[in-house]
Structures are given as structure tokens and as C-alpha cells.
Amino acid sequence: MDLRFLLRLPGGHDLMSTQTNSSGESHGSVSSYLIGFVLAVVLTVLSFLVVSTHSLSPMGTLAALSMLALVQVLVHLHYFLHMGGSSEQRWNNICFVFTVAFVTILIVGTVFIMTNTTMHMMSR
Amino acid sequence: MAHDTTVQTAGHDEHHHESPVVFGFWVYLMTDCIIFGSLFAVFAVLRNQFNGGPTPHELFEFGGLGLETALLLVSSITYGFGMIAAHKNQISQVILWLGVTFLLGLGFVGLEVREFAHMIAEGAGPDRSAFLSAFFTLVSTHGLHVSCGLIWILTLMVQLMGTTEIPERMMNKLTCLSLFWHFLDIVWICVFSYVYLAGMI
């Protein structure tokens, strides 16, 4: 234990270097970055096309945009931020799930309440 | 303090464990996520309050938006290549990729500043309507984050110059910046989808 403590001190880096890949196995490779990049480009181009070609109804376009944005966010989280189910990322994932829930309540709640208020005040 | 927790976790898991520094930074990013969430909520409420002023159709164009998006997306992957080089301890490669990322990010901020200046010159500044106030607050908060990221990239490039190996502390800094930079790209996905493209439907 003492030895490990010394190894972790700022001065002890050279000693550490054999086992230093410490920020995780999950740092990705050239191919995983390229796959993520190609997927992201395809999804971005699709988003632009959906809007510029006016091929769907306004509501349909908005739904398609939301889907594409959601998928692209997931692609980025997986290929660029290397999120995954490994046990070492457990606390990162717990924080993330909490934040997503929090932000969802924040946005949906705000839009719901404000739309309702506007309707009742008839200020549209 | 930090060392204590490191020792504990290291004792827990023999092979390796994510540094508490990186985890702490992740928690910061999550709080940043809440800031952006609030700004998106504000924008969602005010997006149709034009007060007789210009609408998204008149203000936004595909060309500039596409270019900004492309710059940020490419900068994400160049930073990724920098991280791969860093894990292989190839310092000159890391500096090169960080430099490329910096230039792409600078291009993004430059385009955004030009777009804002153009809009304000046309009388579509943040004081024109509630929609424009919400728009400028949201998009410039993102732009400010990217600008901070640029300063951070420069700082790390300077710190890396002249060194021969990347100690764990430096690796943590690079990893945190990597999370920050990719996180900003994710926020930009939401911005171009819900602010720009959704306004142009």
C-alpha cells in the first residue's frame, strides 16, 4: 500500500510508466474514431437534407430532426467520449443518467408550463 | 485528499482505474449540461416571439451553418487522433493534432463572430426580440465555451513543447480537454438541429 502511494505521487511517474495506461482501456483506436466520424457526417448531412428538401410535413421534419440528433448524440457518446458499460465507468454513467433525467424534466416541464400559461392568458 | 482516494481505488482494482481528476471533470461537464439545458428550455419557450422582427428564415442560411458544423466535427476527430498519439507517447504528433484542432476551432469561432456581427449590423441584435435574445444567449454561451477550449488547447501545446514523455498528470489534462471538446460538439448537434434547422423548416 505504501509503495503504491509513493508511485502515485507526482514525482513517481517514471516508476509508474509501465502501468500508466491508467485513464482506461477505453481510449479508442483510429478505426473507431473513423467509424464515429463517418456516422456523424452521414447523420448531419441527413439532417440538413431533411430540412432543405422540404420532403416531409413540418411536424414530420421536426420529428425526423429529433431522431437524427438523438442518434448522432449517441454516436458521439460512444465513439468520441467512449462511454460504455464497463464497471470502471459506473459512476460516470450514474451521473450521466441523473443529468439526462434532470435536463429532460427541466426542458419538458418548462415547455409544458409555459405553453399552458400562454394558452390561459390568451397572449398568443 | 486526492491521493487518498487514488490509493483506495487503486487498492480496489488492481489493473487500472479512471483518475478521480477525470471523474471530477466529468461531474463538471454534467453541471454544464444543466446550464445548456436551461438555455435550450428558454429558447424553446421564446422561439416564436419575434416581436415583428426577423425570423429564422430570413436570418439563417445553410452554407455558413454547414461550414461551422463541418469545422467542429472535423476538429473532434483530429483531437481524437491527438489522444491516440498521446497514448503512444508521440509528443510531436500530439502537438501537431492539437494545432490542427486549434485552427479548426478558431475557424468555427471566427465564422460565428462574423455571423453575429453581420446580424447585429442588420439590426437583428439580441435587443431586437425575445427570440433573438434567447438565440444570442444560447449560441454565444456555446461559442464562449469553444473559445475557452481554444485557450486550453494552446496552454497544453505550450506545456507539451520540449518534453520527452507524457506523465500521468499531463495525460489527465489531455483526457479532460478531450471530454470537454467532444461535449461541446454534442451541444452543437443540439444547437444546429433545434435552433437553426428547426427554425428553417
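Domain bounds here come from an automatic or database domain assignment. For chain A that assignment gives domain 1 (29–82) and domain 2 (86–124). Select each in turn: the C-alpha centres of domain 1 of chain A and domain 2 of chain A lie 22 Å apart.

A word before moving on: this is a predicted model, in which local features need pLDDT of at least 70 and side-chain atom pairs count only at pLDDT 80 or more, while totals for chains, interfaces and linings use all residues. Residues are numbered from 1 along each chain as its sequence is written, and chains are lettered from A and ligands numbered from 1 in the order in which they are written.

**Stop 1: a helix pair in chain A**

Select α3 (30–52) and α4 (58–79) of chain A. Helices (H or I, at least four residues) and strands (E, at least two) are DSSP runs, numbered from the N terminus. The axes of α3(A) and α4(A) come within 10 Å and cross at roughly 170°; axes are lines fitted to C-alpha atoms, for helices over the stretch in contact, and angles run from 0 to 180 degrees between N-to-C directions. That crossing makes α3(A) roughly antiparallel to α4(A), a label for angles over 145 degrees.

Now show the contacts (C-beta atoms, placed from the backbone, within 7 Å). Among the residues of α3(A) that meet α4(A) are A:I35, A:L39, A:L43 and A:V50. The α4(A) side includes A:L65, A:L68, A:V71 and A:V75.

Stay on helix α3 of chain A and pick A:V42. A:V42 is partly exposed, because 14 other C-beta atoms lie within 10 Å. Draw a distance from A:V42 to A:Q72: the two are 30 residues apart along the chain, and their C-alpha atoms are separated by 9.3 Å.

**Stop 2: two positive phi angles**

Most residues other than glycine have a negative phi. Go to A:H82, in the loop between α4 and α5 (90–121) of chain A. A:H82 is not a glycine, yet its phi is positive, at about 55°. A:H82 counts as buried, because it has 24 C-beta neighbours inside 10 Å.

Then jump to B:N51, in the loop between α2 and α3 (56–59) of chain B. B:N51 is also not a glycine and has a positive phi of about 50°. B:N51 counts as exposed, because it has 9 C-beta neighbours inside 10 Å.

**Stop 3: chain B as a whole**

Select chain B, with its 7 helices and 0 strands. Its C-alpha atoms fill a box of roughly 65 × 35 × 25 Å, taken along the principal axes. Of the 201 residues in chain B, 37% are buried. Among contacts in chain B with a separation of 6 or more, 81% join residues 24 or more positions apart.

**Stop 4: the nonpolar core**

A nonpolar core is a set of buried Ala, Val, Leu, Ile, Met, Phe, Trp, Tyr and Cys residues joined through C-beta atoms within 7 Å. The largest has 64 residues, and B:F135, B:L138, B:V191 and B:V195 touch the most other members. Elements giving two or more residues to this core include α3 and α4 of chain A, along with α6 (130–160) and α7 (168–197) of chain B. α7(B) gives the most, with 17 residues.

Leaving aside neighbours within four places in sequence, B:V195 is in contact with B:F43, B:F135, B:L138 and B:V139.

Key
Buried ≥ 20, exposed ≤ 12 C-beta atoms within 10 Å, placed from the backbone. Contact = placed C-beta atoms within 7 Å. Parallel < 35°, antiparallel > 145°, perpendicular 65-115°, else oblique.
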